[in-house]
Amino acid sequence: MVAVLKEFGPDIWIADGPTVTAAAGFHYPTRMAVIRLSGGELFIWSPTQLSDDLRAEVDALGEARYLIPPNSLHHVFLGDWQRAYPAAKVYVPPGLRQKRKDIRFDGDLDDVVIADWVNDIDLVIMRGSRITTEVVFFHRKSATVLFTDLIQHFRPKWFKGWRAIVARLDLMVAAEPSVPRKFRVAFTDRHAARASIRRILAWPAEKVLMAHGDPITEGGQEFIRRAFRWLTGSRAA
């Protein structure tokens, strides 16, 4: 049997889920991450479709204690995970509580790191966007930053027809993973956004995970600096 979870670093695994259809018929691949905390509990980031094989592999790693939707757009499969793991705590990002009244949320994600994972994971609320307020995480042990939608990258032929033209103009199929133009325009509070990205750039990042695009496995901090140069105005080293 082919493994669903793939090891990405010390105590972090990733799994690619099904392709989902979003606004205007755009198709997106999905990806989740499983982080094993120092106490042995599991932190499930952006949970994708739950299958029997995936559940068996998750259970083999430890107890799924935290279910984390990282923004108000990544929540499609959250209800299935909560039903499968009713004892797990679900922390809600800004804007999602109003959309998913069917989900029991146990707390809010804000600028204060949750005490249960303070020794393993840091977070920054990427404020200032009119599309969604994304929570960006940093797993210290693997030196991995986890973005969701703010950085994307698709293969050149992923989109067809007029959607391929839009994707190219939106920088979704740029030379390397990039912040799509629609997200750049949506950051109307640039002061808040710059403050957030400065905190992210302070992390000693080596790797970068994103929901839509191949991971960055080295030079993570400089990659993030390049990706947000349009916002900070700084040059990559």
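User: Is W162 buried, partly exposed or exposed in this predicted model?
Analyst: In this predicted model, the relative accessibility of W162 is 47%. Buried requires a value under 20% and exposed a value over 50%. Because 47% falls in between, W162 counts as partly exposed.

User: How is the aromatic pair of F26 and W162 classed?
Analyst: A pair of aromatic rings is described by the distance of the centres and the angle of the planes. For F26 and W162, the centres are 5.7 Å apart and the planes stand at 90°. Planes over 60 degrees apart place a pair in one class, so the pair of F26 and W162 is edge-to-face.

User: How many residues apart are the two partners, F26 and W162?
Analyst: F26 lies in the loop between strand 2 (12-21) and strand 3 (27-36). W162 belongs to helix 3 (residues 161-169). The pair thus links distant parts of the chain, and the separation is 136 residues.

User: Which residues form one aromatic cluster with F26 and W162?
Analyst: F26 is buried, with a relative accessible area of 8%. Together with W162, F26 belongs to one aromatic cluster.

User: Over the face of which ring does R55 lie?
Analyst: R55 is placed at 5.0 Å from a ring centre. The ring in question is that of Y85.

User: Is V92 buried or exposed?
Analyst: V92 is found in strand 6 (residues 89-92). Beyond its neighbours within four places in sequence, V92 is in contact with R97, F105, G107, D108 and L109. Its relative accessible area is 1%, and because buried means under 20%, V92 is buried.

Definitions and conventions:
Residues numbered from 1 in each chain as written. Predicted model: local features only at pLDDT ≥ 70, side-chain atom pairs only at ≥ 80, totals over all residues. Heavy atoms only, no water. Phe/Tyr/Trp six-rings, centres within 6.5 Å; stacked < 30°, edge-to-face > 60°. Helix = DSSP H or I, 4+ residues; strand = E, 2+ residues; numbered from the N terminus. Buried < 20%, exposed > 50% of the residue type's maximum accessible area, 1.4 Å probe, protein only. Lys NZ or Arg CZ within 6 Å of the ring centre and 35° of its normal. Contact = heavy atoms within 4.5 Å.
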